[in-house]
Amino acid sequence: MTIPTLLLVGCGKMGGALMRGWVSSPTPPRIFILDRKLQDAPAGCTIFRTPEEITPDVKPDIIVLAVKPAGAEAMLSSLKTVLGERMNHTALLSVMAGKSCEKLASWCGRADMPVIRTMPNTPSCVGAGATGLYASPHVSQAQKDLAIRLMEQVGTVVSVPHEEDLRTVIAIAGSAPAYVFYLAELLEKVGQDFGLDAHASRALVRGMIYGVGKMLHELPEDAETLRKNVTSPNGTTAAALSVFMKEEHWPRLIPEAAKAAIKRSRELDD
Ligand SMILES: NC(=O)C1=CN([C@@H]2O[C@H](COP(=O)(O)OP(=O)(O)OC[C@H]3O[C@@H](n4cnc5c(N)ncnc54)[C@H](OP(=O)(O)O)[C@@H]3O)[C@@H](O)[C@H]2O)C=CC1
Ligand SMILES: O=C(O)[C@@H]1CCC=N1
């Protein structure tokens, strides 16, 4: 199989996570990076600071757009000018939480530009990402296969049938690592407030979340069964869950938070 060439546009928190995942994978793609502040790139990757620095030998199979949605139009307009004809032989893969395929294609100057929209997450940096992927009708099967292959190199990929579904992916996977990190912060603080030293509290919480992730990833049982296995009748877990499971707590707050993420994704489209 030939090694695909990527132009990674924006190598901050998400683009950087993808880059780290790709370079650590067994068959890394060839990566060119466009980012104005990235200090060091891994061996084999080339950094450009501005679109104008991109050299004529860069002929990407896929352009991965990982800038903020507000900067996308200006960036694509510059890339269109700099890449010229090369823009006709590439596909665009956006990781942005906003901006439709149609809009992105129009900013590339081609209504029929093949655009793949994805919603990855930062665990991609350790090969444990979870990505939702939608391919617009102008994407060829070969281009879609390439996009799926690339994202599978950094974790799990789920193709969604409708572009609109990506909003749900944002709420339950793209933004969701932050919810779990927040839970980790709160549990670590509880550990310390209740008498453990900071190191012990951190090690226990991290180990616990790692173990839970590994069980969810590796075992066939559903989450509900795994939860019930922890919950002895009238035991300590039941006491704690009776707080979380109150109707006005997690059952209301989790969907409410998801709706807030979805609402914000609509605003980022404008
Ligand atoms: N963070 C996350 O967990 C996730 C983010 N996303 C999406 O990823 C995209 C990027 O988010 P994130 O990585 O957090 O953002 P960052 O700001 O961390 O990364 C963007 C990078 O692109 C650089 N950049 C922006 N404009 C230019 C330009 N014109 N020329 C050169 N470099 C440029 C930025 O430099 P500078 O800082 O100087 O502007 C920065 O290094 C967003 O659209 C977001 O919706 C998707 C899933 C998860
Ligand atoms: O917060 C954001 O807008 C981005 C998209 C998903 C995660 N981070």
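How far apart are the end C-alpha atoms of residues 8-97, and what share of that stretch is helix or strand? Over residues 8-97 the end C-alpha atoms are 17 Å apart, with 27% helix and 20% strand.

## The model

This is a predicted model: local features need pLDDT of at least 70, side-chain atom pairs count only at pLDDT 80 or more, and totals for chains, interfaces and linings use all residues. Residues are numbered from 1 along each chain as its sequence is written, while chains are lettered from A and ligands numbered from 1 in the order in which they are written.

## The whole chain

The chain has 10 helices and 8 strands. These are DSSP runs, numbered from the N terminus: helices are H or I with at least four residues, strands E with at least two. The C-alpha atoms fill a box of roughly 70 × 35 × 35 Å along the principal axes.

## Annotated domain

For residues 8-97, the unreviewed UniProt entry gives "domain: Pyrroline-5-carboxylate reductase catalytic N-terminal". Such annotations may be inferred rather than shown by experiment.

## Around ligand 1

The shell holds 24 residues (C-beta atom, placed from the backbone, within 6 Å of the ligand). Gly 10, Gly 12, Met 14, Met 96 and Ala 97 come nearest. Helix H1 (residues 13-24) gives the largest share, 3 residues.

## Arg 36

Arg 36 sits in the loop between strand S2 (30-34) and strand S3 (46-48). Is Arg 36 buried or exposed? Arg 36 counts as exposed because it has 10 C-beta neighbours inside 10 Å; the cut-off for exposed is 12 or fewer, with C-beta atoms placed from the backbone.

Technical notes. Buried ≥ 20, exposed ≤ 12 C-beta atoms within 10 Å, placed from the backbone.
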